[in-house]
Amino acid sequence: MSTERRKERIDRPIKAVTDDIFCLSSIREIAYLVIPRMLPVVGLLLLAFLVPPYWRKVMVITFVMGMMALSWDFMASCGLTSLGQALFFALGAYSAGAANHYLGLPIYLSIPLGTLIGAVISTACIYPTLGLRGIYFSVVTLIIPLMLMRVVETTGIFGGTEGITGLSPFPGIIVTIALSMIALWITFFGLRRLIDSDYGHIFVALKDNDRAVEASGLSIRWFKVQAIFIGSGICCFCGAFMTHYYMSIGMSAFAVDLSIFPIAASVVGGMGTLVGPLLGAIILGPLSEALRAFGSFRVVIYAALLGTFIVMLPEGLFPYLARKYQQIERWVEAPGGISED
Amino acid sequence: MLLSVLVYGFINSVILAMVALGFSITFGISRVANFSHGGFYILGGIFTWYGLIKLGMPYFLSAGLSIIIIGALGALMYKVILIRLRGLELSEVIATLSLGIVILELLRGLGVFGYEFRNPVFMDGSVDILGVGVGIQRIIIVCAGALLLILLHFFVHHTKMGLAFRGVAQQEHTALSVGINPDLVSMLSLAMGSVMCALSAVLILPLGVISVDEGYDILIKALAVCIIGGLESTLGVLVAAFIIGYIEVLTSMYISSALTSVVPLACMLGILLVRPSGIFGKSKEIEERV
Amino acid sequence: MAISKILSKTVMLLVAFLFIASQAAFAAPAEKGAPIIIGVPSSFKSIEAAEGLKAITLAVEEINAKGGVKVGNEKKMLKIESIETRDMEPGVPLADALLANEKLILEKKPHVIIQGPTRSEVLLAAMDLYAQYKIPSINNAVASKFVDQYKSNPEKYRHCFRMFDGKYVVAGLGKVMEKMNKEFGFKKAYIVVQDAIWAVGIANGMNAWYKNNGWEVVGFDKYPTGASDFSSTLIKAKNAGVQVVFPIFDMPQSGILVQQWKDMKVPAVFAGFISPLMGSNAWKTFGEKIEGVINIVFDGGNLPLSKYPPAKKFYEAYAKRWGEMQVGHKPAVDYDGVYAMVGAIERAGSLDPDKIAIELEKTNMVGATGRIHFKDHQYVFGDDPKVDAISVVYQWKKGGKRVPIYPDSVAEGVIEKPASMQ
């Protein structure tokens, strides 16, 4: 009889019955739970205001990208794997830019309006593909932004290749950074609450078993429309926000980079967890800034990282870290050998 | 005018079909959507250029070698990356897409930009077809495309390996139970798709200059053709290529050349609205339609 | 209690750590004192921008070899800090390109900026940035709206200057068309352009020119970037008996256009701007197919003009340092830009941006492109290199020679009909 070893994983003793009911008996145990939850909130708050001016801008972009990643993750949890978040971003950006430039609306109106209009148009654009499962949705979302980019280029609407410049700015960098951070946390906690509600379970079921949804007398298409509306609305807000932040809007809002980043952040952080994409964005945002010195190779490193993670650590960083944190691991002897199952 | 639409539409369609065929073959057999198609296409062109211009090899040798290398690369990609992700559609898409981006951006970073990256045409000169002057290279492309289709048909329908391919495409588990190794077949399908991709690059790229951005364009074109035709159907790819090919030429001839790249994509959206699984994508309709 | 103390200590430690870490990680490099820093934010994966940077490097090396720049009583060296903005690559968001500009400004603290972003859209947005940080800049994007934007607020944009404008292409090629009309009786033209604002802008200008001068414009086709089949244009042109095809392209695929022109035996002259056919290597790449093509070099100094010695001198110095130039746009004006900037700094006697901007406006110097002076913060182009900066039109002739045919002050040959028309 061979004596092989196996890794035993035991939950730490504070966990009782389910994942979110705990048995706490000391402040130490409270700290054990609270610190990892407080760390990102407090850490980001400090980081955002302590770093030098240039890096503050990086933080703003990181927060916005974090929101895009959250929205991607939400849509992916509903079985809608988008390869074109840039589409939603751009539609929000153009709506807000147009509202500000052509209608002369002030910034506090143009951003919400841009978000709303953008989300409606996005949903309409995606509607034809909602009857399909699988890679159709991905392919179409990859193609539509490129097509709209050409449309803007060809017809010259909204300033054509030169875009619209001179939009109203935010009052200052502190306001910008505070707004983006608040928006990020609202998105994050809002989505988490949504997914956990009964209403949110329908969305998750769209991915896991859409026929069960249909069997329950609910329209798959209609719920997919709602999922798209919520997901694209978040990206549209990002677009509207960035438009005003940079005071200009151009064709590059459809850029592929904007579609790749949310995917990369989600894959690196851990898909389907909501915290994961956030973690991924917080890692990748500053990292991509640090990689700027590499010029074109930056994208190479980026894409290589994405590929490596999806192959080597498909669950993502967050579930991996969470497991390490919440479980005791040890090697034990397995006298009967390890069964193949 | 009409005659020239006929001639150039035909050539354009054959080019589109060749570009899309590699993607469709791979997907049809192994259900892997190879998003690194564009990367392989440009890489095939660059290898040929390097062998021909930098190493001074004869044209057919350097072209042949690069086709073989790209084919091996496709097989390697399956063996190293995709085999771990089989069945996870999303992961497959992300993995192949990121590989494609790595290839293309690496080439860009290594200095593949500018105008010297150009493969010469096989044979210079032009002939008149129906009174329209056509470069010999384009005629070679059409002939090669036709030859390729015939070979492909023969391979799939009249060889044992082709039978195995069709078996895996229809029912992987059943194929396994009669002794076909689906992993081997999938690997070969990727190699085959990549070979076709490199072959089309060798044939088509001499018409212009090798540029990284074209890699992305090619991927988009291949996807559009495949989606319109039905992702796995070779006949669908042909029909769709001819539809898009002629629509493109007609648009640029009679409406506006600026719209040539928008029209096929708009077609695609229209087709999706009416027939979600493409013109010939029948077998998938029950599964894919929700 | 003890535990809450530990907790608060941990938090404090964490705060302190984060603070220190952030200060250490993000601290900007200390000011090193001496050199004048020239910032070059551009997209170096475009061949024009890459060669422009080489020309800037050449100018800086020349000036440093002579002992540097005299600022007040002090001699200062020049130093180049370039950053890759990637703005010519499709798929790069505007925000990212701007961030690269801002990173350069905040971290390298350039005193002046030469060349600037490549894409028009990015330049227009970056002008606000340069105005905000008050950095004198001589930019190079062909943005048609530059002068409009400058004029919209001359006070705010007083530090922004620009080298080339698309309207000078129309002026130069218009004269060439006139010549062809006189010599060969040409009066039917076909316009075919890349669908990008700068190119379409130039084409619109040319279209208006044709109309005003009694030409017939048979067609006006725009092709999206990346198009690879131009047969429809050529067929239409051939059927209508067009004598001149006017192309404006900088995408690599535009070489196909000329190839198809020969394959389809279209009896017309190609006269315009096709970037892949610009450099001396084009003859090697495309062979005799390009014989007879007429191309415009935006900045005169990018051709070795034997009738204008400064251009020839620059071209040869460049060839000696970097190998032969392959582009028709950027190197010469960038090279002149460094000298114009250095001249302004020396006259201002300080690095104060406002003083430099005022002196830049007064620039009047002999450069590789011609005589450099500004109007509305824009280089003035004309017919004579001794008076203004010039663009040069040349024709590819037998044996792979680029023969300048316009302006007359530097012309070395006359326009010939291509073989297909004889």
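Trainee: Which residue of strand 19 of chain C stands opposite Gln395(C)?

Mentor: In this predicted model, the residue facing Gln395(C) there is Val403(C). On its other side, Gln395(C) of strand 18 has Ile294(C) opposite.

Trainee: What makes strand 18 and strand 19 of chain C a pair?

Mentor: Two strands pair if at least two bridges lie between them. Strand 18 and strand 19 of chain C are joined by 5 bridges, so they pair, and they run antiparallel.

Trainee: What makes strand 12 and strand 18 of chain C a pair?

Mentor: The cut-off is again at least two bridges. Strand 12 (residues 294–297) and strand 18 (residues 392–397) of chain C have 4 bridges, so they qualify as a pair, in the antiparallel sense. In general, strands of a sheet pair through backbone hydrogen bonds, either parallel or antiparallel.

Trainee: What stands out in the hairpin of strand 18 and strand 19 of chain C?

Mentor: Between its strands are 3 residues, and Gly399(C) takes a positive phi near 85°.

Trainee: Why is strand 18 of chain C called mostly covered?

Mentor: A residue is buried if 20 or more other C-beta atoms lie within 10 Å of its own. In strand 18 of chain C, 5 of the 6 residues are buried, so the strand is called mostly covered.

Trainee: In which order do the strands of the open sheet in chain C run?

Mentor: The order is 9-8-10-11-12-18-19, which makes 7 strands with mixed pairing.

Trainee: Why are strand 9 and strand 19 of chain C said to stand at the edges?

Mentor: Strand 9 (216–223) and strand 19 (401–406) of chain C each have a single partner strand, so one side of each has no neighbour in the sheet. From one strand to the next, the twist averages 25°.

Trainee: Which helices of chain C lie across strand 8, strand 9 and strand 10?

Mentor: Helix 7 (residues 197–212) of chain C lies across these strands, at about 170° to strand 8 (188–194). Helix 8 (residues 231–239) of chain C also lies across them, at about 175° to strand 9.

Trainee: How do you know that the radius of gyration of chain C agrees with a compact globule?

Mentor: For 422 residues, a compact globule would have a radius of gyration near 22 Å; chain C has 24 Å, which agrees. The C-alpha atoms of chain C fill a box of roughly 95 × 55 × 40 Å along the principal axes. Chain C holds 13 helices and 19 strands, and 57% of its residues are buried.

Trainee: How many residues of chain B are in contact with chain A, and what are they?

Mentor: Chain B contributes 35 residues, in contact with 34 residues of chain A. Helix 4 (89–109), helix 9 (212–229) and helix 11 (262–274) of chain B each supply at least two residues of the side of chain B that touches chain A. The largest share, 14 residues, comes from helix 4 of chain B. That side of chain B divides into 25 nonpolar, 4 polar and 6 charged residues.

Trainee: What scores does the predictor give the complex?

Mentor: The ipTM is 0.80 and the pTM is 0.83. For chain C, pLDDT averages 83, with 91% of the residues scoring at least 70.

Trainee: Where does pLDDT stay under 50 in chain C?

Mentor: The stretch is residues 19–32 of chain C, for which the model has 10 contacts beyond four places in sequence. Where pLDDT is low, the predicted coordinates should not be read in detail.

Conventions: Residues numbered from 1 in each chain as written. Chains lettered and ligands numbered in written order. Predicted model: local features only at pLDDT ≥ 70, side-chain atom pairs only at ≥ 80, totals over all residues. Axes fitted to C-alpha atoms, helices over the stretch in contact; angles between N-to-C directions. Contact = placed C-beta atoms within 7 Å. Nonpolar A, V, L, I, M, F, W, Y, C, P; charged D, E, K, R; others polar. Buried ≥ 20, exposed ≤ 12 C-beta atoms within 10 Å, placed from the backbone. pLDDT = per-residue confidence, 0-100. Rg over C-alpha atoms; globule rule 2.2 N^0.38 Å.
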